[in-house]
Amino acid sequence: MKRRLGVSTRTKRLVSQQSSADPAVTLFKIEDPDDEPGPSAMRRSKRVKVEIKTEDVVERDGDNGESLALASEASTGKGKSKSVKARPRSESASPQKPKAIKQALDKPHPAPAHWRETYDAIKEMRARFPAPVDTMGCDTAKWKETDPRNKRFATLISLMLSSQTKDEVTDAAVDKLRAAFGGTLSLDALLAAEEHVIADSISKVGFWRRKTQYIRQAAQRLRDDFDSDVPKTVDELCSLPGVGPKMAFLCLHAAWDINVGIGVDVHVQRITNRLKWHKPPTKTPEETRLNLQSWLPTEFHKEINHLLVGFGQVVCLPVGPRCDLCTLNTQKLCPSAQTVVKARTKKTAVVKPEIGPKIEIAIEETATLNLPKQEPASPSLSAASSLTPQPEDA
């Protein structure tokens, strides 16, 4: 029988002997050889005690940044040493320089067919249908300022507040902010204002708490890094808190009259995809911008945002587009055009006066339904459908 204890092994044996009381009985007992007296009575397991001594951590500056050297020494009972490999130190948490905004595709996107006819038709409709962006867009914030720097600053602030917010709300917030600062929307006035004053003025815009922090931080950056003025490059503008590529391109258009790209918002994204100008369809504003910039002539880069935003506000709506008003529908230039159907419903209201007979009033309601256009059926299918009984009109 063997028993394992630590790293040592003991062997026991079974010994038989005759009973002293009854010779016919045999007794058995277990004997442990280690219990026998003698020089080898005790056999101990051989254990090795390992001690690890860690030296101080030493930091050194290398050409590629900080690195960490960790020296460790392990000694065994036999005096052998064991080395421990040093782990590389993680990168520092210091902020990195903003990534440069991509300006062009490696392979240009082909120009879509009939794009110029479509563009001119949208331009003609925009002349007939005024939109909120025409009088309350972000480029109008500078109209109430006289100092050139204040004009540029008001444009930037208006753009920062416009994200996820309608033009009407943004315009009202800019006016309220200007009034809280004494009639002028300037960098110095914003830096001197209390946070609650800014928050109360812009509390109607989307994500106003976050935008309050963004415009305060951006104002400090303008003062410290840009000589208290709005930057003149896309990358510098995108380095400001709360400013993305769309705002940067539009700010350069309106504040500095610099045309280096297209500002793409939800309206431009939606309408250009409805027109099938992107193959495959784009999923992000940056994809849309790079596609458009690759084939649209540069002279249209500055105006296309204003053109399509207004068109999307009054005609090509996100839900229920007014295809009945759109000339792209009649000119067969829009592959996403929908058929507009006027649906009429009748309701009857019963009035029971206290005296006299009850009165029934018929109410007729008219609703506009947009139905996707269907491809014309083949002649065989048309003939078959003509034989199918059609339900009578109600």
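Which residues does leucine 156 touch, not counting residues up to four places away in sequence? They are Leu222, Val230, Leu237, Leu240, Val243 and Cys251, where touching, or contact, means heavy atoms within 4.5 Å. Before we go further, please note that this is a predicted model, in which local features need pLDDT of at least 70 and side-chain atom pairs count only at pLDDT 80 or more, while totals for chains, interfaces and linings use all residues. Residues are numbered from 1 along each chain as its sequence is written, and side-chain values use heavy atoms, with hydrogens and water left out.

Let us step back to the whole protein. It has 14 helices and 11 strands; these are DSSP runs numbered from the N terminus, with helices (H or I) of at least four residues and strands (E) of at least two. Of its 394 residues, 32% are buried. Here buried means under 20% relative accessible area, exposed means over 50%, and partly exposed lies in between (1.4 Å probe, protein chains only).

Leucine 156 brings us to the largest nonpolar core, which has 40 residues; Leu156 and Leu237 are those with the most contacts inside it. At least two residues of this core come from each of α3 (148–162), α4 (167–180), α5 (187–192), α7, α8 and α9 (245–256). A nonpolar core is a set of buried Ala, Val, Leu, Ile, Met, Phe, Trp, Tyr and Cys residues joined through side-chain atoms within 4.5 Å. In soluble globular proteins, nonpolar side chains tend to be buried together.

Aspartate 229 sits in the loop between α7 (208–225) and α8 (234–238), and is buried, with a relative accessible area of 11%. Its side chain makes a polar contact of 2.9 Å with the side chain of arginine 152. A polar contact is a pair of N or O atoms within 3.5 Å; within protein, one must be able to donate a hydrogen and the other to accept it, and residues adjacent in sequence count only if both atoms are side-chain atoms. Arginine 221, in helix α7, is partly exposed at 25% relative accessibility. A polar contact of 2.6 Å joins its side chain to that of aspartate 225.

Now look at α10 (residues 266–274) and α12 (residues 304–314), whose axes come within 8 Å and cross at roughly 80°. Axes are lines fitted to C-alpha atoms, for helices over the stretch in contact, and angles run from 0 to 180 degrees between N-to-C directions. The two helices α10 and α12 are therefore roughly perpendicular; that label covers 65 to 115 degrees, while angles under 35 count as roughly parallel, over 145 as roughly antiparallel and the rest as oblique. Among the residues that meet are His267 and Ile271 in α10 and Leu308 and Phe311 in α12.

Most residues other than glycine have a negative phi, and most peptide bonds are trans.
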